[in-house]
Amino acid sequence: MLRQVLQKVVPLVTVTVQRNFAATAVASQNLDPIQQLFLDKVREYKTKSKGGKLVDATPESEALLSEMLGNLERAYGAKGVDMTQFPTLNFTEPTLVWPGLSPEQQEKIRQQAEADEEAEAKRLALIKAEEPRSSIIEGYEAE
């Protein structure tokens, strides 16, 4: 029986120990040489990339970038626009179009919609006006 319990418990304990060891290795920052090299390169890139310029750019790559940006400006008519920035999006409400309807039909539909709104407003006003009366009547019936 002890053997069966150990067979079930030992794998759970080993997995737990492995996970804890992995977590403590990361927490203690004992990095292997590859990870350390990667972090060093990221930090070096961060210090070199100040100012938004290309890192370790040659004059040829700078010229190629300016040529490509010039082509974009000419193709899209964006003279003087910074093409390296995300564009600002401005949305406007579209104008609704009544396809296939004459102006007379459109006006008739609008008038009907306004009449329906007025009828609904009157109906709601009547309902509100009747509510206090019903509560007064209920009060008298209770006495």
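These legends accompany several close-up views of one predicted model.

The model is predicted, so local features need pLDDT of at least 70 and side-chain atom pairs count only at pLDDT 80 or more, while totals for chains, interfaces and linings use all residues. Residues are numbered from 1 along each chain as its sequence is written, and side-chain values use heavy atoms, with hydrogens and water left out.

**View 1**
The chain has four helices and zero strands, and its pattern along the sequence reads α-α-α-α. Helices here are DSSP runs of H or I with at least four residues, strands are runs of E with at least two, and both are numbered from the N terminus. Of the 143 residues, 2% count as buried; buried means under 20% relative accessible area, exposed means over 50%, and partly exposed is in between (1.4 Å probe, protein chains only). The accessible surface comes to about 13,700 Å², and carbon and sulfur atoms account for 61% of that area. Areas were computed by the Shrake-Rupley method with a 1.4 Å probe, and for residues only the protein chains shown count as cover.

**View 1. A nonpolar patch that includes V17 of helix α1.**
Look here for M1, V5, V9, V13 and V17, which make a nonpolar surface patch of about 490 Å². V17 belongs to helix α1, residues 2-27. Patches take residues with over 30% relative accessible area and no salt bridge; nonpolar side chains (Val, Leu, Ile, Met, Phe, Trp, Tyr) are joined within 5 Å, and like charges within 9 Å.

D40 and R43 form a salt bridge, with their closest N and O atoms 3.9 Å apart. A salt bridge is a side-chain nitrogen of Lys or Arg within 4 Å of a carboxyl oxygen of Asp or Glu, and the structure holds six of them. Both D40 and R43 lie in helix α2, three residues apart, or about one turn. An α-helix has 3.6 residues a turn, so residues three or four places apart point the same way. D40 counts as partly exposed because its relative accessibility is 37%.

**View 2. D56 and a network of salt bridges.**
D56 sits in the loop between α2 (33-48) and α3, and its side chain meets that of K48 in a salt bridge (3.3 Å, N to O). These two residues join K41 and E44 in a network of salt bridges. With a relative accessible area of 61%, D56 is exposed, whereas K48, at 39%, is partly exposed. Keep an eye on the backbone too: the phi of D56 is positive, near 50°, in a residue other than glycine. Most residues other than glycine have a negative phi.

**View 3. Helix α3 and the glycine just after it.**
Helix α3 covers residues 59-76, and its 18 residues should span 26 Å at 1.5 Å a residue; the end C-alpha atoms are 26 Å apart, which agrees. The expected span is 1.5 Å times one less than the number of residues. Just after α3, G77 takes a positive phi of about 60°.

Q106 lies in helix α4, residues 103-142, and counts as buried because its relative accessibility is 17%. Leaving aside neighbours within four places in sequence, Q106 is in contact (heavy atoms within 4.5 Å) with W98 and L101. E107 forms a salt bridge with R110, the closest N and O atoms being 3.9 Å apart. E107 is partly exposed at 36% relative accessibility, and R110 is partly exposed at 39%.
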